[in-house]
Each structure stands twice: as structure tokens, then as C-alpha cells.
Amino acid sequence: MKKTILTKKYNRKTKENKPVIAICYDFDKTLSPDDMQAQGYIQSIDYNVNDFWKESNKLSEDNCMDQNLAYMYKMVDGARGKIVFNKATLEENGSRVKLFPGVEEWFERTKKYGEQNNVIIEHYVISSGLKEMIEGTSIAKKGVFERIYACSFYYNDRGEAVWPAQVVNYTNKTQFLFRIQKGVLDVNDSGVNDYFEPDKIRVPFRNMIYIGDSDTDIPCMKVVNSNGGYSIGVYDPDTADKTKVYRMMTENRIKYFAPADYSKDSKLDSLVKTIIERTAKNEVLESYYYDNKNETTEYLKSIDPIENEKANLIDSLKNSFSFATTHEIIEKLDKHSNWSDRQIEKLLKIAIVNNQVGSIINDVDVKSFYENIISEYSGDNDKLLQKVKDIIND
């Protein structure tokens with residue numbers, strides 16, 4: 001018996017009637033000054049923060065283990081006998097995560113600025129931190145994020161975290177950019193691999209802004225930067241340590257850098273507003289381009305391919321700048337017949353205007369071609385016809 005596989009239908013976002021700008025953020029040290037786990041959770045399981053990360057990294061190295069899987073294991077293992085390790089615990093810890101200046105008001109403010117410029121602003125998190133902790137933050141509870149892509153746990157029937165459900169590391173972060181680009185947001189939706197016509201792409205890379213702080217963001221920064229988007233490196237405004245952003249700038253990973261201060265009229269605020277303004281204007285031009293391109297495509301579909309080839313050859317003859325090329329084009333033109341009077345008039349004008357044609361019009365092949373089209377002409381532009389005849393008989 002043939003097995004029937006039911007394919008789940010996912011909700012996908014389609015192209016809007018306004019341009020969409022996706023602002024994508026790392027979380028730790030981008031929106032928050034420190035690792036989220038180090039702002040209460042590690043301390044709650046009686047670990048020194050440095051010791052926790054030291055042991056986690058050693059576990060990763062000793063077992064050829066992904067670093068994110070290693071820290072997730074350490075979180076589960078360290079909780080045994082000390083705290084109940086469930087989603088509520090992680091969200092409660094997330095509620096205590098500190099944020100950089102201005103973050104609380106940033107998301108709504110940029111959305112409104114987008115509306116003023118006739119574009120839609122969407123915010124996404126792409127983080128190697130924990131989704132459950134991010135969901136516990138004050139900003140996530142306001143619903144400011146379109147999607148949160150981050151590491152997460154699978155919970156058993158008692159609600160306890162027992163296994164990784166999703167792991168987001170520095171290389172697979174880039175898949176989420178492609179999901180955002182196509183509007184295929186569900187992590188299990190294989191439609192992310194489907195081909196989309198360029199004018200059907202919901203969020204072109206040129207309309208993406210990626211904000212991050214470290215090496216784990218470099219692949220995403222590179223993808224966005226290389227495809228016409230905007231990658232921004234941020235640094236702690238309190239320490240003002242620009243070492244990382246200087247290196248990322250030197251290596252062409254980012255286009256800009258600014259302090260992680262999201263307050264109104266800060267450098268980062270002004271930078272993103274400028275990008276929004278520029279994108280709004282650029283998308284008007286892109287709209288013109290695709291309208292013209294689609295009109296051309298429809299026109300080409302509507303005409304006879306032979307007539308299209310004849311039109312292209314006439315255009316090539318008009319722009320011919322060598323005798324050799326002229327002879328090649330004439331040879332191709334001579335294979336066609338049933339010329340319209342309008343086409344013949346174009347060819348006659350070329351003989352007069354283009355010296356590369358007029359100078360060799362009495363060569364056997366060129367003369368034969370022109371005498372043939374003159375014999376087909378039934379129009380009333382006698383003056384043009386006589387000029388070409390005079391050139392041939394000169």
C-alpha cells in the first residue's frame with residue numbers, strides 16, 4: 001500500500017503593497033549589555049559566571065560539540081536538585097535581563113518612522129541565546145518582534161526542559177535571513193528553498209539591516225552587506241571599546257558602526273532613520289524598473305518571434321561601427337522577407353545616416369539586400385527612397 005504523507009500548510013508572508021524593511025538583531029551585547037544567562041540564571045544554580053562558561057567551552061572542545069549545545073547541556077545539568085528547569089523559570093530569568101539605553105522605545109519609534117516614509121518596518125531577533133529567555137523580556141512581551149529565532153528547549157509532559165529543540169549557531173543564523181527574505185518564517189517550512197522571481201521577493205536583502213556585535217554575527221553581516229543591505233556593528237557605550245567594530249570594518253563585514261544606544265537622536269537612531277529614508281526612495285526606483293521590465297516581457301510575449309528578430313537586427317545595423325559587422329548583419333537580414341513599409345523606411349534611413357552602411361552599400365551583398373527591400377516598398381516616402389537609390393547609383 002502506498003503511504004500518504006500529509007504536508008502541513010504554513011502561514012507565509014507575501015509581498016506587501018509597500019516596501020518592507022527587516023531590522024534583524026543579535027541579542028546578547030547587541031540589545032543587552034551582557035549574556036542573558038549571566039544575568040541571574042547562572043548565579044541561581046550556584047555557579048560563578050566565568051567558571052560556567054569555562055566548563056561549557058571545555059565540554060564543547062573535549063567532545064567535538066557545538067558550543068551552543070554545550071551551554072544548553074550545562075544549564076540543564078546545573079539545574080538538577082537546585083531549581084525547576086522549565087519554561088516559566090527561563091522566562092522569569094529573561095524578565096530580569098538588562099537592556100541598552102533606549103531599547104524599550106526603539107521598536108515602536110522606528111515603526112512609526114517607517115510609516116512616515118511609506119515603508120513597513122519589521123523587527124526580528126536572530127540569536128544564539130535562548131528563545132525562552134528572550135520571550136521573557138519586557139520588549140518581547142510587548143510583541144515588538146515579528147519572529148524570534150534563537151536556541152530553545154523541548155519540554156516533557158511535566159514541562160521540564162529535557163532536550164534541545166532548536167540550536168542557532170553563527171553559521172546557521174544565515175538561513176533565517178533567507179526565511180525573512182521570502183516570507184517563509186516557520187523553521188520547518190521547506191518553502192525557503194523555493195525559487196522566487198526577483199520582483200516577488202518580500203524583503204530583498206537591500207532592504208535588510210543587520211545589527212550585531214561580534215564574530216557570531218559575521219556570516220549574517222556578510223550576507224546582508226554583500227547583497228546591498230546594511231550591516232551595523234554596535235559596541236557598549238559605557239566602555240566605548242571599538243576593537244571588534246574596527247576589525248569588522250577593516251574586513252568589510254559591516255558598513256557602519258555606532259554605540260549600542262537606541263535612544264532618540266542617538267547616532268544609531270539617526271543612522272537607521274537615514275537608511276529608512278534612502279530605502280524608501282530607492283524602492284520607488286525599483287518599482288519603476290520592475291514595471292518597465294514586466295511591460296517589456298509582456299510585449300515580447302505578444303509579438304511574433306520572427307518580427308522580434310527582425311527588429312533586433314535592424315537595431316544592430318543602426319549601431320554597427322565596422323564593415324565586418326555590417327556584412328554579418330546584412331547576411332542575417334537577407335534571410336528574412338515580408339518587410340513592412342515601416343521596417344523598410346528604418347533600413348533606408350540607416351543607409352543614409354550610418355556611414356558604415358552607406359560606404360559599402362554597393363558591395364554585392366549589401367546592394368542586393370537594399371535593392372530587394374526597395375522593390376518591396378509600397379509606401380509614400382518617395383524622397384527617402386530616392387536618396388537611397390542615388391547612393392546606390394552614385
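Me: Which residues of H14 meet H16?
Reply: Asp341, Ile344, Leu347, Leu348, Ile350 and Ala351 in H14 meet Phe369, Tyr370, Ile373, Ile374 and Glu376 in H16, where contact means heavy atoms within 4.5 Å. By class, nine of these are nonpolar, none polar and two charged. The model is predicted, with local features needing pLDDT of at least 70 and side-chain atom pairs pLDDT 80 or more, while totals for chains, interfaces and linings use all residues. Residues are numbered from 1 along each chain as its sequence is written, and side-chain values use heavy atoms, leaving out hydrogens and water.

Me: What makes H14 oblique to H16?
Reply: The axes of H14 (residues 341-353) and H16 (residues 364-376) come within 10 Å and cross at roughly 140 degrees. Angles under 35 degrees count as roughly parallel, over 145 as roughly antiparallel, 65 to 115 as roughly perpendicular and the rest as oblique, so H14 is oblique to H16.

Me: Why is H16 called roughly antiparallel to H17?
Reply: The axes of H16 and H17 (residues 382-393) cross at roughly 150 degrees. That angle is in the range over 145, so H16 is roughly antiparallel to H17. Lys367, Tyr370, Glu371 and Ile374 of H16 make the contact with Leu385, Val388, Lys389 and Ile392 of H17.

Me: Why is Asn68 called buried?
Reply: Buried means under 20% relative accessible area, exposed over 50%, partly exposed in between, with a 1.4 Å probe and protein chains only. Asn68 has 11%, so Asn68 is buried.

Me: How do you know that the side chain of Asn68 reaches the backbone oxygen of Val168?
Reply: The distance is 3.2 Å.

Terms used: Axes are lines fitted to C-alpha atoms, for helices over the stretch in contact, and angles run from 0 to 180 degrees between N-to-C directions. Helices (H or I, at least four residues) and strands (E, at least two) are DSSP runs, numbered from the N terminus. Ala, Val, Leu, Ile, Met, Phe, Trp, Tyr, Cys and Pro count as nonpolar, Asp, Glu, Lys and Arg as charged, and the others, Gly among them, as polar. A polar contact is a pair of N or O atoms within 3.5 Å; within protein, one must be able to donate a hydrogen and the other to accept it, and residues adjacent in sequence count only if both atoms are side-chain atoms.
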